[in-house]
Amino acid sequence: MPEYKWPPMGKRKVMGQRINRLDGPVKSAGRAKYPSDLNPQGLLQTAMLTSPYAHAKIRSINLDAAKAIPGVSGINLFVQPGAEIQWAGAEIALVAANTEEIARDAVRAIKIDWEVLPHVVKDENLAKAGTRAKAAGEQVTGDPEKAFSEANVTLEGEYGIPVITHCCLEPHGNVISWKGDKIDYWPSTQAVSTVATQLATLINVPATNINVTCDYMGGGFGSKFPPDSWGAESAKLSKGSGGRPVKVFLDRATELTIAGVRPSHYAKIKIGAKSDGSITAWQSDSWSSGGFGGGGMSPIPYVFVNIPNRRNNHAAVSLNSGPQRAWRAPNHPQAAFLTCSALTDLAAKLNMDPLALLHKNAGLTLRADTYRNQLEKAAELIDWKNKYHAPGEGKGTLRRGVGIGVATWGGGGHASKCKVTIHPDGSVEVELGSQDLGTGNRTCISMVAAESLGLPMSAIKVKIGNNSYPASGPSGGSTTIGGVSTSTRKASLNALEKLFEKVAPALGVAADQLEAVDSRIQVKGNPNKAMSWKQAAQKMGPSPIEEMGENVPAQAAREGLNTLGAAGVQMAEVEVDTETGIVKMRKLVAVQDCGLVVNPKTAESQVFGACIMSICAALYEERVMDAVTGRVLNPDMEFYKLAGLPDIGEIVVHMDIQEVHDKRGVIGLGEPCAIGGIAAIANAVHNALGVRVPTVPVTSDRVLNALGNKRYA
Amino acid sequence: MSSNNDSEKDKRAQSGFSRRSWLRGAGIGTSVVGAGVLEQEAEAQVTPKVMSGEVEITLDINGRKRSVKVEPRTTLLDALRNRMDLTGAKRVCDRGTCGACTVSIGGKIVYGCSVLAVDAVGKSIQTIEGIATEGQLHPVSAAFVNNDAQQCGYCTPGFVMAAKGFLDKHPNPTVEQVEKGLAGNICRCGTYVGVRKAVLEAAKNYKGGSNA
């Protein structure tokens with residue numbers, strides 16, 4: 001069996017280099033075909049009827065007028081008369097027609113008799129939630145009462161972070177063609193290898209009948225795992241039309257209303273500490289909602305988990321609003337915001353620098369040294385020493401401040417299988433049923449294979465995005481890179497071992513004395529006893545070498561190729577206009593450990609992106625519900641606000657690439673960097689103003705409300 | 001799109017006050033920025049044409065005349081994507097906010113979702129598919145690749161078109177001009193750091209101009 005471990009950091013030739021993503025040219029030239037771009041012959045377009053009411057019963061549905069419209073191919077119902085709808089935007093009917101325009105006309109022609117029922121869509125105020133709030137039970141550690149009574153300083157604060165949506169630019173949807181026992185399915189998905197089984201269950205066919213293809217997808221962020229009801233109904237509409245392909249992609253309003261949200265989180269937090277800043281007690285009464293199912297408690301206290309005395313109470317609030325889906329680092333950004341806001345306010349009450357408070361309490365984290373180092377590095381990069389001042393201290397109407405947020409994440413590699421084929425002409429294929437969400441996965445796979453085979457990346461053909469390739473896990477929880485890098489490494493070395501066996505006699509040594517370097521097979525350390533890769537391949541005979549490699553999560557710790565556990569610290573500097581309440585980003589610093597970094601270029605891009613997402617959620621982004629109609633008030637991109645190019649300020653990413661982290665193996669990066677930024681920005685606003693804006697996004701109205709009559713000059 | 005109104009934009013940039021951020025704070029909105037020029041042109045037409053059902057029109061796209069059947073309500077974006085298989089321009093917000101559908105009409109950068117196909121008849125339309133010579137990357141696209149100014153890539157063709165249109169008017173932009181000039185495009189993955197670098201790099205390698 002080959003030695004699978006990664007080559008030492010200094011000896012890698014491809015991994016660790018800053019490589020342009022392989023699909024960059026085809027994407028930036030507009031030639032990449034996303035599922036929503038596919039227009040197969042005979043395509044039917046669709047339009048969806050959704051519920052205008054947040055809570056209602058359907059008495060009857062009349063499709064006659066809609067069916068009579070020329071060009072309508074079929075109409076399928078998601079629900080039947082008698083059904084009770086629990087949120088506005090819920091799927092009612094899907095129309096397939098020759099054109100989108102016709103399908104939309106047909107949607108307008110569907111007549112439904114509704115019985116409208118009372119709804120609840122607001123969750124900011126727990127007292128108003130009534131029976132919609134369900135207590136999750138109390139968790140107590142130590143003796144919080146005693147600890148609070150003995151504390152020198154007690155901080156009490158209330159903080160909130162509202163529901164946001166995923167807002168994938170490519171909406172949820174698919175193209176699908178169902179003819180006889182063959183289903184060709186092109187979903188925009190994070191789960192190439194598992195989505196077919198789910199669809200098969202929904203439409204009652206064997207999974208073997210479904211061929212999934214997803215070469216590119218336009219954003220998922222945790223919301224694009226299942227085939228969804230519209231996947232199933234579009235399949236049935238295709239079958240009903242005699243096998244014409246059907247395209248269904250949600251319109252923007254529906255995308256923002258039902259295709260997934262991140263749950264809100266509100267909390268009243270009490271922290272007890274000694275005069276020197278040592279934290280002794282924590283109490284939180286929190287509530288959250290991610291739709292009709294309520295919302296779970298985020299992991300608070302966050303990162304500083306070992307506060308000795310703790311009491312947590314949580315309530316899940318059921319709302320008549322679109323359901324939650326996993327949102328990049330589920331529950332962590334909320335937990336970081338709640339915890340780091342309260343810690344910063346505690347520091348203010350102690351007349352302490354929050355950086356000093358976090359250092360003082362680093363022992364309460366599970367990785368004290370890592371956090372201490374990262375706090376130091378981030379402080380250096382943002383110039384904390386010179387930028388920090390007592391909260392609200394300063395002159396003029398424009399105030400600057402700095403703040404901190406911290407993060408932790410798992411990110412161990414998922415189950416993944418890879419097949420590497422070396423053809424007798426020397427060409428190499430690498431196949432995985434994986435997907436590239438824009439993370440650079442495709443590029444990283446190629447880099448691992450090239451590194452392992454001693455070839456340039458141009459000699460490797462990476463094939464992903466199809467469920468006929470060996471199964472790889474869905475891309476969620478930052479598990480992809482650990483999984484695919486390990487399976488690709490093992491498959492590559494297994495294939496290479498077979499090639500060595502074929503070549504060894506010609507080089508007059510045992511197979512285990514060979515190595516693959518610079519497109520050659522050579523006797524270890526002896527470039528003079530070598531043959532070219534192509535010559536070596538010719539020794540194979542007519543059959544290609546095909547070898548598998550697998551990442552088995554339970555074996556990962558022993559093998560050491562991938563692991564889990566990533567820490568991160570982010571620090572922000574903002575400028576607040578105290579007259580208009582407008583907050584402007586000046587700088588965001590992200591210090592991130594993520595083990596062995598395969599491609600620093602795309603890895604940094606992920607962190608930059610996570611920082612910008614944090615700016616969105618800290619300053620702009622919020623799903624606003626209308627209490628009267630029960631609908632989302634801003635299901636569009638004008639009023640569902642995301643940051644633009646002028647809004648981001650300077651962003652500094654420090655990947656913390658060093659031997660000590662590298663030795664741990666590959667760790668997923670997608671989520672850990674998307675956690676601490678919101679807290680850092682909210683705390684920077686606090687430092688600028690000396691006043692807590694308790695709820696994000698920190699919009700100008702919230703700033704002005706928090707300032708009240710306070711004047712700055 | 002911002003590059004249509006440079007003088008106004010520049011003034012705003014100098015004053016350090018952006019309408020976008022003010023509106024954001026005030027929580028109120030505005031009509032489409034990008035379609036402004038075309039709206040003026042549409043208003044200038046004296047006789048309204050009444051049409052219904054599908055009509056065949058000829059569009060001048062990427063230097064080729066192409067016939068296509070559209071309805072009067074069909075947007076240029078939907079005509080391109082659904083009826084002509086030109087899918088580089090993406091449909092994201094479909095309401096003139098995000099810029100993913102950016103194309104050029106008569107050398108002006110517009111949102112394809114905010115122009116009716118029938119209003120584009122007789123004008124020279126350029127899409128992302130038409131900016132590069134066969135088999136080569138346009139220098140702006142190449143700069144996006146070099147600076148990793150893309151992740152999922154769904155906003156990228158719109159960004160490239162907007163950047164090209166911007167550079168045609170501002171061949172030597174400052175960072176501030178790049179930020180303001182491309183404020184009409186939205187990315188969800190958060191590629192703006194790369195975009196900022198890419199546009200500045202492209203400015204060096206691509207000498208745009210109104211005839212480029």
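I count a residue as buried when its relative accessible area is under 20%. I keep in mind that this is a predicted model.

**Entry: Gln45 of chain A**

I looked up A:Gln45 and found this residue in strand 1 of chain A, which spans residues 44-50. Its relative accessible area is 6%, so A:Gln45 is buried. I then listed its contacts, leaving aside neighbours within four places in sequence. From chain A I noted Asn39, Lys247 and a run of partners including A:Val95, A:Ala96, A:Ala97 and A:Asn98.

**Entry: domains of chain A**

The assignment gives me domain 1 (35-118 + 172-249), domain 2 (261-411 + 564-707) and domain 3 (414-559). I took the centres of domain 1 and domain 2 of chain A over C-alpha atoms and got a separation of 38 Å.

**Entry: where domain 1 meets domain 2**

Here 14 residues of domain 1 of chain A are in contact with 14 residues of domain 2 of chain A. The two domains bury about 1000 Å² between them, and carbon and sulfur atoms give 58% of that area. Which three residues supply 50% of what domain 1 of chain A buries against domain 2 of chain A? I found A:Gln86, A:Trp87 and A:Phe221, more than any other three residues.

Next I checked the polar side. The rule finds one salt bridge across this interface of domain 1 and domain 2 of chain A, and five residue pairs in polar contact. By class, I noted eight nonpolar, five polar and one charged residues on the side of domain 1 of chain A that touches domain 2.

Conventions
Residues are numbered from 1 along each chain as its sequence is written. Chains are lettered from A and ligands numbered from 1 in the order in which they are written. This is a predicted model: local features need pLDDT of at least 70, side-chain atom pairs count only at pLDDT 80 or more; totals for chains, interfaces and linings use all residues. Side-chain values use heavy atoms; hydrogens and water are left out. Domain bounds come from an automatic or database domain assignment. Contact means heavy atoms within 4.5 Å. Buried area is the accessible area (1.4 Å probe) that two parts lose on being put together, summed over both. A salt bridge is a side-chain nitrogen of Lys or Arg within 4 Å of a carboxyl oxygen of Asp or Glu. A polar contact is a pair of N or O atoms within 3.5 Å; within protein, one must be able to donate a hydrogen and the other to accept it, and residues adjacent in sequence count only if both atoms are side-chain atoms. Ala, Val, Leu, Ile, Met, Phe, Trp, Tyr, Cys and Pro count as nonpolar, Asp, Glu, Lys and Arg as charged, and the others, Gly among them, as polar. Helices (H or I, at least four residues) and strands (E, at least two) are DSSP runs, numbered from the N terminus. Buried means under 20% relative accessible area, exposed over 50%, partly exposed in between (1.4 Å probe, protein chains only).
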